[in-house]
Every structure is written in C-alpha cells, then in structure tokens.
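Here's a quick tour of a protein model, written for someone just getting started. Take a look at the sequence and the 3D view, then read on.

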Amino acid sequence: MPVSKPSDLPEPVAAPPSAPASWWRRRIVGPVLNVLRQGLTPAQLSLTVALGVIFGLVPTLGVTTLLCSVAAVRLRLNVAALLLVSHLLSPLQLLLIIPAMHAGATLLGGNTGPELTLAQLQYLFGHDWLAALRLLWHAMLGALILWALASVPVGLVLNFALRPVFRRLLARQKSDEVIS
C-alpha cells in the first residue's frame, strides 16, 4: 500500500470559534453547575437554596455572610453555594429593607411614636438623635421579627419544592456523564 505524502492528506478543518460566554452563563449558570458537580444530594441542594434565600433577604445589612457561614458549617452544607445564592438576592434585599423597616416600626411602635419617614429621621437626627436611634431600633427589631415569621414558611416551601427539581437535574447530569 503506498504511503501518501503529507501534501496529499486533507488539511484538518478548524472548528469555528465559539462565541464568548455571556455574563449570565459565566456568573450564574457556571457556578451553579459547578456546585451541582460537587456531590451534594438533592436534599442538601434544596436546603442550601432555601437557606440562601432566607438569609439573603434578612432586613439587616452586614449579617448575611455571617449567617450563611455559620449555617453552612453547622449543617454541613456547601458554604460557597449558600453564599452565592444569598448574595444573588442582595438587590432584592436592598429593595425590601425600607418597607420592612416601615412595617416593623408600625408593628412595634403602633401609632404612638413618630412615623418612619426620611423627613422625620432628618429632623430627629438634627434635634433629638436619641429619639432617632430609638425609632430606627424599633423599626429594625420589628423588621427582623416579621422576617423571622415569614422565613419559616418560605424556607419550608422552597426546601420541599426544590427537592424534585434537583433530583431531576442530578439524574440528567449523571446520564449526560455516562453518555460522554
């Protein structure tokens, strides 16, 4: 059999360059898929997402990371996944803080104290900063009480609703790994 010269062989066809991954794929889909590949069970994944949503919406700035880290270590969940979910909800947390504080001030203050408005806070900080701090304290405490009451049913619903979803995702991922 004659051996063909290198010039007689067809040149390999280069694959067309792939489009760069979108921001959504790089920042959201990729990390979530990486978490799915780390061996967590569907129950652990659903609990991670449920706690991430709950802790991501706490109406106090600066405690999300601490709450997530403590819960993840205590419950043996993936810390990075829990932090990812909770920090993805930061824009929604910022949107809900003021209405939550207003509802909290109404809950604990009733109609007896000054109303929680920006103008009222400016006036109080200018004239009686202790009254302003008291108003903010009541508003924040009431918002935390409302958050705690709402987080239990929201967490339970998310936890149990997401388990079948993650079961299907993990089963699909395992079947894709077997095929390839």
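## Where two helices meet

Start with helix 2 and helix 3: L47, L51, F55 and G56 in helix 2 touch T64, L67, C68, A71 and L75 in helix 3. "Contact" here means heavy atoms within 4.5 Å. Sort the residues of this contact by type and you get seven nonpolar, two polar and no charged. For that sorting, Ala, Val, Leu, Ile, Met, Phe, Trp, Tyr, Cys and Pro count as nonpolar, Asp, Glu, Lys and Arg as charged, and the others, Gly among them, as polar.

A word on the source: this is a predicted model, where local features need pLDDT of at least 70 and side-chain atom pairs count only at pLDDT 80 or more, while totals for chains, interfaces and linings use all residues. Residues are numbered from 1 along each chain as its sequence is written, and side-chain values use heavy atoms, with hydrogens and water left out.

Now, how do the two helices lie? Helix 2 (residues 42-56) and helix 3 (residues 64-75) pack at about 155 degrees, and their axes are 9 Å apart. Axes are lines fitted to C-alpha atoms, for helices over the stretch in contact, and angles run from 0 to 180 degrees between N-to-C directions. The angle is why helix 2 counts as roughly antiparallel to helix 3 (the label for angles over 145 degrees).

## Two residues to look up

T48 belongs to helix 2, and V85 sits in helix 4 (residues 79-88). Both are buried, a word that means under 20% relative accessible area (1.4 Å probe, protein chains only). The contacts in the table leave aside neighbours within four places in sequence.

| Residue | Relative accessible area | Contacts |
|---|---|---|
| T48 | 3% | L77, N78, A81 and L82 |
| V85 | 18% | V49, G52 and V53 |

The side chain of T48 also reaches the backbone oxygen of Q44, at 2.7 Å. As for V85, its C-alpha atom is 9.7 Å from that of C68, and the two residues are 17 apart along the chain.

## The whole chain

How many helices and strands does the protein chain have? There are seven helices and zero strands. Helices (H or I, at least four residues) and strands (E, at least two) are DSSP runs, numbered from the N terminus. Of the chain's 180 residues, 28% count as buried. Finally, take the contacts between residues at least 6 apart in sequence: 69% of them join residues at least 24 apart.

Note on methods. Parallel < 35°, antiparallel > 145°, perpendicular 65-115°, else oblique. Buried < 20%, exposed > 50% of the residue type's maximum accessible area, 1.4 Å probe, protein only. Polar contact = N/O pair within 3.5 Å; in protein donor to acceptor, adjacent residues only side chain to side chain.
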